[in-house]
Amino acid sequence: MAFPHRPDAPELPDFSMLKRLARDQLIYLLEQLPGKKDLFIEADLMSPLDRIANVSILKIVLLGQTPHQEHAIHCQ
């Protein structure tokens with residue numbers, strides 16, 4: 001329940017499907033560009049971007065690597 005002291009309060013919506021859709025669309029768009037990519041991200045956008053696709057996912061998609069390989073994603 002969203003508010004235990006208010007039994008009539010509605011449940012908070014589950015945004016996990018929207019988060020998953022946004023992540024999948026970002027990955028799809030990045031995969032449309034062939035080869036390795038450099039992604040320059042403004043510092044203000046890192047937190048919102050991390051909510052939908054964490055850095056390890058971006059490394060795999062941008063660099064075409066496995067999670068165990070170490071490469072940097074450039075951030076501004």
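The part to look at is helix α1 and its contacts with the other helices.

Analyst: This is a predicted model, in which local features need pLDDT of at least 70 and side-chain atom pairs count only at pLDDT 80 or more, while totals for chains, interfaces and linings use all residues. Residues are numbered from 1 along each chain as its sequence is written, and side-chain values use heavy atoms, with hydrogens and water left out.

The protein chain has three helices and zero strands, in the order α-α-α from the N terminus. Helices (H or I, at least four residues) and strands (E, at least two) are DSSP runs, numbered from the N terminus. Of the 76 residues in the chain, 18% count as buried; buried means under 20% relative accessible area, exposed over 50%, and partly exposed in between (1.4 Å probe, protein chains only).

Helix α1 covers residues 16–31 and helix α3 residues 55–63; their axes come within 9 Å and cross at roughly 25°. Axes are lines fitted to C-alpha atoms, for helices over the stretch in contact, and angles run from 0 to 180 degrees between N-to-C directions. The two helices are therefore roughly parallel to each other. Angles under 35 degrees count as roughly parallel, over 145 as roughly antiparallel, 65 to 115 as roughly perpendicular and the rest as oblique. On the α1 side, R23, L26, I27, L30 and E31 take part, and they meet I57, L58, V61 and L62 in α3. Contact here means heavy atoms within 4.5 Å. The residues of this contact divide into seven nonpolar, no polar and two charged. Ala, Val, Leu, Ile, Met, Phe, Trp, Tyr, Cys and Pro count as nonpolar, Asp, Glu, Lys and Arg as charged, and the others, Gly among them, as polar.

The axes of α1 and α2 come within 8 Å and cross at roughly 105°, so these helices are roughly perpendicular to each other. Here K19, A22, R23 and L26 of α1 meet L49, R51 and I52 of α2. By class, this contact has four nonpolar, no polar and three charged residues.

I52 lies in helix α2, which spans residues 43–52. Leaving out residues up to four places away in sequence, I52 touches K19, A22, R23 and L26. I52 counts as partly exposed because its relative accessibility is 25%.
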